[in-house]
Amino acid sequence: LFSSSNSFCVSTRMALIRHSGKAALSNLFFSFSSGRRSFFVSSSSGSRTTLTTSHHHHHHRSAFKRASSSSSNTTTTTMSSSEKSNENTKTTLTNNNNTNGKNVVLVTGSTGRVGKEVLSLLSTLPSEKWIVRAATRDKSDYAKRLGASETVAFDLTEKETWPKAMENVTHLFSSTQDKYIKEHMEFAKFCARDESIKKKLRHIVRISCFGADTNTNKYDKDTHASRENAQIPLMLQHYWWSEECFIENGFKDILTSIRGNFYMNHLLKNELDSIRENGTFTSPLGECKNSFVSCNDMGEAAFTVLKEGPERHGNKFYDICGAESTSMRDVARILTEALNSDVAKDLDVAKDVFGKTISYVPQDLKKFEEDFGSTRAEFFEYLQNGFYTRCSPDFYNLTGKRPLTYYEYLTTRGAAGDTGIEELFSAQGALFTKGVDEFKDLSSVQK
């Protein structure tokens, strides 16, 4: 390990310095964590890098998390989050009788913004104890490069893929798009009906969102936070349903929910053309500040509870937010700062926006509803009224460190190897198209 001007060069086949768990070198402080097989590096300037090394026999990889505003001048070969496999997903599962008592964790949404972080972090666990199975429709190669032990074809809309994906699974990471709530609830029932699956399943970690839950809180679905005679937004009700279905099917004691705030960058995904061409983006959120959360922190929170298990985290529900609350004008200012950083200068995906000044253009909520439909607009109203302003200590309580700020997320390489800038300008998370209401049929879904 070498340090020069806050740049870190790392060989994953390094010889670790062993000195009763701690070692000092020059102006660096090392804190080793044998349970996670990682260590934290702090320099005298106050920057912090988390480096997690893989212990798989078949590959060696390093995952970086730098919670600081300093940028690295080190040249690193990374993989864009938008990389896709051109081949159909091949099912490559461990022999049914050859798990040898290992934990088998199925990662659904394994190449998504949060799933890729979970998959990469899980790959650092000892392979003699963990089999990391990536569920994917068409990105098997990418999942393997992220560190999956094996891959399996899985699609919530194709029930015939469910049994094979759940074979021998002991731990389930559950993450699905909002529009698949009906299929997700059916999948929870499937896991409960199949005695072999239910018997083996020891821990479920669900990605969700707080705001309509009735177990840890007593929200009334018919009581809107800021509007009279209106219900809680349907999307929030469905997030709660996505947890409740596991509880009602007998998985309460082994369920952990990671309830995230709105994701950083998600608001900008439909504004990339305007950002590139005009240096502007529009949104109805205005001056209300929200504690948007990074996908990196969502992934790390999920990984932490999976690693530590249901004995500690079963029947627990954590609110994960960002380190600070930001308005849309704050987002524009921070994005401008990031696009003018040395990090952005070296990114191919950001070459046409490097050095740009980004401005926020206010938008009327009615215009937003015309673009994306009433269901999504109702959710955005909760981002206008201050409901998601607060920060939460839960990420700190889980991991021992504060969550990332927006600038840190944009300029930090996550466990999967890409920065928030790369995630922003990739195809990942681009779920909505102006003029198309993705949720027009959700009001008919029943529990």
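Analyst: A term to settle before anything else: buried means under 20% relative accessible area, exposed means over 50%, and partly exposed is in between. Also, this is a predicted model.

User: Fine. Is A188 buried or exposed?

Analyst: A188 has a relative accessible area of 0%, which is under 20%, so A188 is buried.

User: Where is A188?

Analyst: A188 is in helix 4, which covers residues 181–193.

User: And how far apart are the C-alpha atoms of A188 and C245?

Analyst: Those C-alpha atoms are separated by 6.3 Å, with the two residues 57 apart along the chain.

User: Salt bridges next. How many are in the whole structure?

Analyst: A search of the whole structure gives 23 salt bridges. In general, side chains of opposite charge can pair when their charged atoms come close.

User: What does R276 form a salt bridge with?

Analyst: The partner of R276 is D352, and the closest N and O atoms are 2.8 Å apart. R276 is in helix 7 (residues 272–278) and D352 is in the loop between helix 11 (342–345) and strand 16 (359–362), so this pair ties together parts that are 76 residues apart in sequence.

User: Which residue does R333 meet in a salt bridge?

Analyst: R333 meets D330, with an N to O distance of 3.5 Å. R333 and D330 both sit in helix 10 (residues 328–339), and because they are three residues apart there, about one helical turn separates them.

User: What about the accessibility of R333 and D330?

Analyst: R333 has 48% relative accessibility and counts as partly exposed, whereas D330 is buried at 14%.

User: And K345, which residue does its side chain meet in a salt bridge?

Analyst: The side chain of K345 meets that of D342, at 3.7 Å from N to O. K345 and D342 are three residues apart in helix 11, so they too are separated by about one helical turn. K345 counts as partly exposed at 43% relative accessibility, and D342 is partly exposed at 34%.

User: Which residues are linked in a network of salt bridges?

Analyst: D213, E243 and R259 are linked in such a network.

User: Now surface charge. Which residues form the negative patch?

Analyst: The negative surface patch is formed by D364, E369, E370 and E378. E369 is located in helix 12, residues 365–372. At 37% relative accessibility, E369 counts as partly exposed.

User: Last item, backbone angles. What is phi of N265?

Analyst: Phi of N265 is near 80°, a positive value in a residue other than glycine. For context, most residues other than glycine have a negative phi. N265 is in the loop between strand 13 (255–260) and helix 7.

User: Buried or exposed, N265?

Analyst: N265 counts as buried, at 4% relative accessibility.

User: What about phi of N315?

Analyst: N315 also has a positive phi, near 55°. N315 is found in the loop between helix 9 (310–313) and strand 15 (316–320). With 31% relative accessibility, N315 counts as partly exposed.

Key
Residues are numbered from 1 along each chain as its sequence is written. This is a predicted model: local features need pLDDT of at least 70, side-chain atom pairs count only at pLDDT 80 or more; totals for chains, interfaces and linings use all residues. Side-chain values use heavy atoms; hydrogens and water are left out. Patches are made of residues with over 30% relative accessible area and no salt bridge: like charges are joined within 9 Å, nonpolar side chains (Val, Leu, Ile, Met, Phe, Trp, Tyr) within 5 Å. Accessible areas come from the Shrake-Rupley method with a 1.4 Å probe; for residues, only the protein chains shown count as cover. A salt bridge is a side-chain nitrogen of Lys or Arg within 4 Å of a carboxyl oxygen of Asp or Glu. Lys and Arg count as positive and Asp and Glu as negative; His and the chain ends are not counted. The place of a charge is taken as NZ of Lys, CZ of Arg, CG of Asp or CD of Glu. Helices (H or I, at least four residues) and strands (E, at least two) are DSSP runs, numbered from the N terminus. Buried means under 20% relative accessible area, exposed over 50%, partly exposed in between (1.4 Å probe, protein chains only).
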